[in-house]
Amino acid sequence: MKKVKNNNIYINHIALIIISFLAGLYLLGFDNLNFLNKNWLYSGDLSQYQIGWEFFRNDSWRFPLGFNPNYGLEFGTSIAYSDSIPLFAFIFKLFKNFLPENFQYFSLWIVLIIYLQLLFSYLIIFNLTKNFYFSSISMFFFILAPVFLNRSGIHLSLAGHWIILFSFYIESSNSKLKPMLRGFNLILSSLIFFYFTMMLIILNSLTYLFLLIKKKSLYKNIFKEIILIYPLLFLTMYIVGYFTIRPEDGLGGGYGYYNLNLNSFFNPNGFNFSGSFNWSVLMPKLPFNNGEYEGFSYLGIGGFFLLFFAILSFFKNIREFFISRKEILLIFFVFLALSISQNINFGEINILSIDLNNYILGVLSTIRSSGRLIWPVYYLILILGIFFIFNYFSGKKRFIILISLLFIQLIDLSSGLKQYYKGNQYNYISENVFKNEDNFWNNLSFKITTLRSIKFRNQSDLYYDLRNVFLNYNFKKTDIVYLARYNRKNTALNNYKLIESFLNKEMDIFKETAFLTKDLNLVRNIHFLYGENLFYYFRNNIWVITSQYIVKPNNIESIKDNFEIKNIVLNKKINFINSKNLNYGFGWEKQSRGLASDGNYSSIIFKIDNKNCSENFYLKLNVENYYNDIKGDFNLYLNNKILSKKNLNRIPLKINCDNIQNYYILEFKYQGPISLRELNRGLNHSKRSIILKEIEIIS
């Protein structure tokens, strides 16, 4: 009889598929469930997943297989760093010649993760209870878990919580294949999202510790398991492309900021692309600090009872769980400690903040969004609570209690569930900025293969404005990207190399390439160098510069005042902190303190008001060192002639009044600019020297 019940899950796979499809239909709606509809993949990170996949799909196979150089160009990237679910990317790239152009696999992924969430939660409870009906009811707690549904609305790859449940299923089973299954799940996790890999490494390490404590003689088996599994894991990660960037580029700021708040289990403060909302009809939203939304883990009213039962299981005499109470406590402690981080907060109150050694902080930076590490604890609470109900109560009572809690959970979460009805969580509020511009981008895509930013920034504002372009027009390469990790060193070096190319007036860099920026100052600088040898278009609040004629210029493009270098009014300071429309050229970064030098070269281009012209002009600079403890040395040139900088308040300028209408270029050439990375003070490779706060020409 038990064997028959044990086979029920296999007999009822069709039922699970139907439930998964209906749940997927609820979350997506018919339109979004369509594999040929990608209109819902615009908001937030969703566009990153689809755009990364499309560039990967349209490229040839390379090695490592996950290498995706057309999406990021020189800055180093792979399909893993656009969070495009490498496993699916590989599978569907094999069939790319048979797939429609607008194909997306993320709606399939959502249905699949619901199915696997149901399957493994059922199997775990069945392993513990051997009761088909009790297990079938229990599995609905897991697909209703707000922590799961929350991620399904914002980070699709991170919604693969079934990987965590698979790990618990392995340990709850009596299979002799546990070592093989652990290894399989670990390697599989690296093909989904690396955060799951880190969670499994921690869980597996604790499992090895538990086994050694129970039986020290198992160390040989554990050692064999490790030396078999982890080389395969690293090989898989290499093939996926995790090592296309340097190890230090895998570090990210945020540990201690994107952490877990002590009120997270009881805080129904949810969010998706439609905005913030309350998951609960009964509990009020609670405050939190900084980026602690990453630690969102509301249990629900039904979940509160399961938490109570989970705690109660430590004091009641019930039969052994698949791991001991001490082991449960250690798992809880390790994951809670890592997820809370060194900043312990309750609501908006900081209870304790610990200064960590830079090297320790560097290691922990690999899990920058540490609040996510609460997920294994979250699911262990559900499993323990359900397990307690089955063991402590008998007969119909256990079913009445379980169904009642599920009903309470549904009522409490109904407020949040409404936010996920038919794709509400993916609502993309478009200002339709591309209205009447389709002709331009379409023509551009026929003449240009590559879109580049004049100055590369990961997660730039250009990317957000161009999501529609990348999703609807077939450009082959771009460095206008949104990536989880990227090559920081190459970013700085290639930015400086590109400036050199512009200064040398190279035309080859425009071959099949358009350069884009929102910074009119940089456009002026390029126009100053290249003049009418290039075409300048202003579309969707973005300047597009190319050597190709695309369409007839519009009004703003035909107004030469856009490129006109502004006059510097004599005896009037230009404040680079407050002014918006400035004549600065390459080699600066606008910061709150003024213009920060970036690289070996910076320039200011200007004209002088021809009133009261005199040859006895003087330049006054208000400059401070970028680093307080390091002097910013530089040479100063005016139209290629070196200037004395003995007194920055009175630098003699030789101005030819007969040619007062000409442009003047003030150039800063730095001696030994240095980056935070070179100083071991951070990971930024941008080379800094000075901050330019003010400039004035006095007569």
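Predicted model: local features only at pLDDT ≥ 70, side-chain atom pairs only at ≥ 80, totals over all residues.

Reader: How many bridges join S16 to S19, and which way do the strands run?

Author: Strand S16 (residues 634-638) is largely enclosed by the rest of the structure, because 4 of its 5 residues are buried. S16 is joined to S19 (residues 664-670) by 5 bridges, and the two strands run antiparallel.

Reader: And how many bridges join S16 to S17?

Author: There are 3 bridges between S16 and strand S17 (residues 641-643), and this pair also runs antiparallel. Within it, Tyr637 has Ile642 of S17 as its bridge partner.

Reader: What sits between the strands in the hairpin of S16 and S17?

Author: The hairpin has 2 residues between its strands, and Asn639 takes a positive phi near 50° there.

Reader: Let us turn to the helices. How far apart are the end C-alpha atoms of H6?

Author: They are 34 Å apart. Helix H6 covers residues 106-129, and at 1.5 Å a residue its 24 residues should span 34 Å, so the two values agree.

Reader: Is H6 mostly covered or mostly open?

Author: H6 is mostly covered, with 22 of its 24 residues buried. Just after the helix, Lys130 takes a positive phi of about 55°.

Reader: Now the surface. Which residues make the nonpolar patch?

Author: The patch has an area of about 1,300 Å², and its members include Trp61, Phe63, Ile91, Phe98, Leu232, Leu235 and Phe243.

Reader: Which helix gives the most to it?

Author: Helix H12 (residues 219-240) does, with 4 residues. Leu235 lies in this helix. With a relative accessible area of 45%, Leu235 is partly exposed.

Reader: Why is 45% called partly exposed?

Author: Leu235 has a value of 45%, and the term applies because buried means under 20%, exposed means over 50%, and partly exposed lies in between.

Reader: Finally, the whole chain. How many helices and strands has it?

Author: The chain has 22 helices and 20 strands. Its C-alpha atoms fill a box of roughly 105 × 55 × 50 Å along the principal axes.

Reader: What share of the residues is buried?

Author: Of the 699 residues in the chain, 57% are buried. The accessible surface comes to about 31,300 Å², and carbon and sulfur atoms account for 57% of that area.

Reader: And what share of the contacts joins residues 24 or more positions apart?

Author: Such pairs make up 76% of the contacts with a separation of 6 or more.

Key:
Residues numbered from 1 in each chain as written. Heavy atoms only, no water. Patch = residues over 30% accessible without salt bridge, like charges linked within 9 Å, V, L, I, M, F, W, Y side chains within 5 Å. Areas by Shrake-Rupley, 256 points an atom, 1.4 Å probe, with all protein chains shown as cover. Salt bridge = Lys/Arg side-chain N within 4 Å of Asp/Glu carboxyl O. Buried < 20%, exposed > 50% of the residue type's maximum accessible area, 1.4 Å probe, protein only. Pairing = 2+ DSSP bridges. Expected span 1.5 Å × (residues − 1). Contact = heavy atoms within 4.5 Å.
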